[in-house]
Each structure stands twice: as structure tokens, then as C-alpha cells.
Amino acid sequence: MDESQFTTLSVTILCSGLMIYMGFIIYNLAKESKAGKFGTIMLFFVLGFGMLGFIVKEILSKVLSP
């Protein structure tokens, strides 16, 4: 395994772990603020929008790469 493969693999794994942790933080924030169903959905949508951008970027880079 060369350096570029290791970097790609480690960034994917560590960013996935960070996204899972951020999901837990959003859930905990919604629970502590007693946001309700709609508020929880809005928190996940708005705060999770950045994570969605990272996922879309990864998918597009795989699809568009030669």
C-alpha cells in the first residue's frame, strides 16, 4: 500500500467516524433542548447539510475520475 492509497483510505475512515460523532452531537443537542420531532429533523437537515456536501463530493470524484 503506497502513501496515496493510505491517505485516501484513512481520510475516508476518519471522516466517516467524525460524521457519526457529529450525528451524535446533533441528536444530543436536540434531546437536551427538547426540540421535538420537527425541531430534531430541522437540526439534522441544517447541521447535517455540510456532511452531505462531503459525501456528494466523494461520490462525484469517484464517478467523474477516468
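1. Helices here are DSSP runs of H or I, at least four residues long, numbered from the N terminus. The model is predicted. On that basis, helix α1 covers residues 3–32, and serine 16 lies in it.

2. Start with the length of α1. The helix has 30 residues, and at 1.5 Å a residue it should span 44 Å. Its end C-alpha atoms are 43 Å apart, which agrees with that expectation.

3. Next, serine 16 itself. Its relative accessible area is 35%; the class of partly exposed runs between the buried limit of 20% and the exposed limit of 50%, so serine 16 is partly exposed. Its side chain reaches back to the backbone oxygen of threonine 12, at 2.7 Å.

4. Which residues of α1 are buried? Met19, Gly23, Ile26 and Ala30 are. In general, an α-helix has 3.6 residues a turn, so residues three or four places apart point the same way. The cover over the buried residues of α1 includes α2 (36–47) and α3 (49–64).

5. What follows α1? Lysine 34 does, and its phi is positive, near 55 degrees. Lysine 34 is not a glycine, yet it has this positive phi. Lysine 34 sits in the loop between α1 and α2. Its relative accessibility is 76%; over 50% counts as exposed, so lysine 34 is exposed.

6. Now methionine 42, in helix α2. Its relative accessible area of 34% makes methionine 42 partly exposed. Methionine 42 and alanine 30 are 12 residues apart in sequence, and their C-alpha atoms are 9.6 Å apart in space. Alanine 30 is one of the buried residues of α1.

7. Two packed helices are described by the angle between their axes and the distance between the axes. For α2 and α3 the angle is about 45 degrees, and the axes are 4 Å apart. Angles under 35 degrees would count as roughly parallel, and 65 to 115 as roughly perpendicular; α2 and α3 are therefore oblique to each other.

8. Which residues make that contact? From α2 come Phe44, Phe45, Val46 and Leu47; from α3 come Phe49, Gly50 and Met51. By class, the contact of α2 with α3 has six nonpolar residues, one polar residue and no charged residues. Gly counts as polar in this scheme.

9. Last, leucine 64, in helix α3. How accessible is leucine 64, buried or exposed? Its relative accessible area is 67%, so leucine 64 is exposed. Leucine 64 and glutamate 3 are 61 residues apart in sequence, and 22 Å apart in space, C-alpha to C-alpha.

Technical notes
Residues are numbered from 1 along each chain as its sequence is written. This is a predicted model: local features need pLDDT of at least 70, side-chain atom pairs count only at pLDDT 80 or more; totals for chains, interfaces and linings use all residues. Side-chain values use heavy atoms; hydrogens and water are left out. Helices (H or I, at least four residues) and strands (E, at least two) are DSSP runs, numbered from the N terminus. Buried means under 20% relative accessible area, exposed over 50%, partly exposed in between (1.4 Å probe, protein chains only). A polar contact is a pair of N or O atoms within 3.5 Å; within protein, one must be able to donate a hydrogen and the other to accept it, and residues adjacent in sequence count only if both atoms are side-chain atoms. The expected span of a helix is 1.5 Å times one less than its number of residues. Contact means heavy atoms within 4.5 Å. Axes are lines fitted to C-alpha atoms, for helices over the stretch in contact, and angles run from 0 to 180 degrees between N-to-C directions. Angles under 35 degrees count as roughly parallel, over 145 as roughly antiparallel, 65 to 115 as roughly perpendicular and the rest as oblique.
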